[in-house]
Amino acid sequence: MLNKQTIKDLDVKGKRVLLRVDFNVPQNEKGNITSDKRIVEELPTINYLIEQGAKIIICSHLGRPEGREDPKYTLKPVAERLKKLLKKPVLFNGKIVDPETKKLIKNMEEGDILLLENLRFDKGEEANSKTFAKKLASLADIFCDDAFGVMHRAHASTVGVTEFLPSCIGFLVEKEIKAFDKLTTKPKKPVLAILGGAKIKDKINLINNILNFANKVIIGGAMAYTFLSALGYEVGKSSVEEDKVAIAKMILDIAEEKNVKILLPQDHVVAQEFTFMADSIIIPTKAFKGGDIGMDIGPRTIKQYKSEISRARTIFWNGPMGVFEFKKFEKGTKEIAEAVAHSRAITIVGGGDSAAALNKFDLEKYITHISTGGGASLKYLEGHGLVGLNAINDKIEV
Ligand code: AMP
């Protein structure tokens, strides 16, 4: 249950609201925005604040300028796009906190919007410096965090600032948290987790916690080969994290104790070289030879996984089933994405590459919730909250 203050719990009329958003938009070499999805997703919170008569001071990071002012990472194009989307002026003076910013804020009227320059131009942001957090806080009366994608990071604009201002979350963060809570708290059963991608390394705590709420876990992608190794199978030259084989075995044992079934691929599309045009054949798990590289799950596995997907009532998906960036090896990920999209279950996708796959196959509209934060969503599902969320004021019980 979400017990944090939301933007609707506070009276924002006439107040200066510091709104932390994730406008870390993709850009091409010329600096043009290639997808404004992250800006569009933020419009409900911004429009609400406009309607309520707040003075809106928006702040975000963009890329990795590493504490230096770098024109390549300016938020100016974002200010332009936001202006177009809102059909309203957006003040932008290319600074974070300086006398000019303060003057602009002093003259703001209800419903006015100011976008600060890239927070990461200041070293204090990522270092969670108290001085920088205090400076940011001095601009506003209320802090609203709507940047789900960075809520797992303790930065000045996510955690530091909450020490100096009353705080709440915006609509986007509220939507994200509610979606994930649907998965972990009294979910419709059976709950199926689909895990793929390259590394177990980053997902050990996640998998451990998934065993607390999922009934079945199906595994694909490179990750499957570390699990198959743990079971003693030869997997040729497939991508195995040798130092994680023991942990994979432990996870399999814990799953058995908890009565959670973990399914691993029974057949594979294998190649002899890791390239987009490599010749490939389909082999069962037992038939791996020295030079074989598992690039995708095979047709029998796809069939079995699809049948599990059709039986599930709640599905969580993170990570592709194969090297889906190469057309020859996209079939497993594509078919699983289609099955998830067309299932009757509540479907929750943990951002990152799975979100990219859904976008690639034009299936986004069929999914109940696609997270805007890959890293943050996985961290949240580890079960210990998020530093940025934990820092927000609790709801006041009346
Ligand atoms: P992750 O960031 O851990 O979700 O990993 C995503 C990456 O895993 C994608 O770039 C995929 O190409 C890669 N991947 C998926 N399956 C395999 C595989 N069988 N071998 C190597 N890489 C893979």
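1. Before anything else, a word on terms: two strands pair here if DSSP finds at least two bridges between them. Strands themselves are DSSP runs (E, at least two residues), numbered from the N terminus. With that in hand, the bridge partner of Ala-271 in E11 is Ile-293.

2. A quick caveat on what we're looking at: this is a predicted model, where local features need pLDDT of at least 70 and side-chain atom pairs count only at pLDDT 80 or more, while totals for chains, interfaces and linings use all residues. Residues are numbered from 1 along each chain as its sequence is written, and side-chain values use heavy atoms, with hydrogens and water left out.

3. Back to strand E9 (residues 267-271). E9 pairs with strand E11 (residues 293-297) in the antiparallel sense over four bridges. Five bridges tie E9 to strand E10 (residues 280-284), and those two run antiparallel as well. Within E10, Ile-282 is the residue opposite Val-269.

4. How enclosed is E9? Five of its five residues are buried, so E9 is largely enclosed by the rest of the structure; buried means under 20% relative accessible area, using a 1.4 Å probe and protein chains only. In a regular strand the side chains alternate between the two faces of the sheet. Here both faces are covered, with Asp-267, Val-269 and Ala-271 buried on one side and His-268 and Val-270 on the other.

5. Now the parallel sheet. Five strands make an open sheet in the order E3-E2-E1-E4-E5, with parallel pairing. Its edges are E3 (113-115) and E5 (167-169), each pairing on one side only. Neighbouring strands are turned by 25 degrees against each other on average, direction ignored; the axes behind that angle are lines fitted to C-alpha atoms. Strand E4 (residues 142-145) runs parallel to E5 and is joined to E5 by three bridges, with Phe-143 bridged to Ser-167.

6. Finally, the polar contacts (N or O pairs within 3.5 Å). A polar side-chain atom of Glu-325 sits 2.4 Å from a ligand oxygen. The protein covers 80% of the 510 Å² of accessible area that the ligand has on its own (Shrake-Rupley, 1.4 Å probe).

Terms used: Axes are lines fitted to C-alpha atoms, for helices over the stretch in contact, and angles run from 0 to 180 degrees between N-to-C directions. A polar contact is a pair of N or O atoms within 3.5 Å; within protein, one must be able to donate a hydrogen and the other to accept it, and residues adjacent in sequence count only if both atoms are side-chain atoms. Buried means under 20% relative accessible area, exposed over 50%, partly exposed in between (1.4 Å probe, protein chains only).
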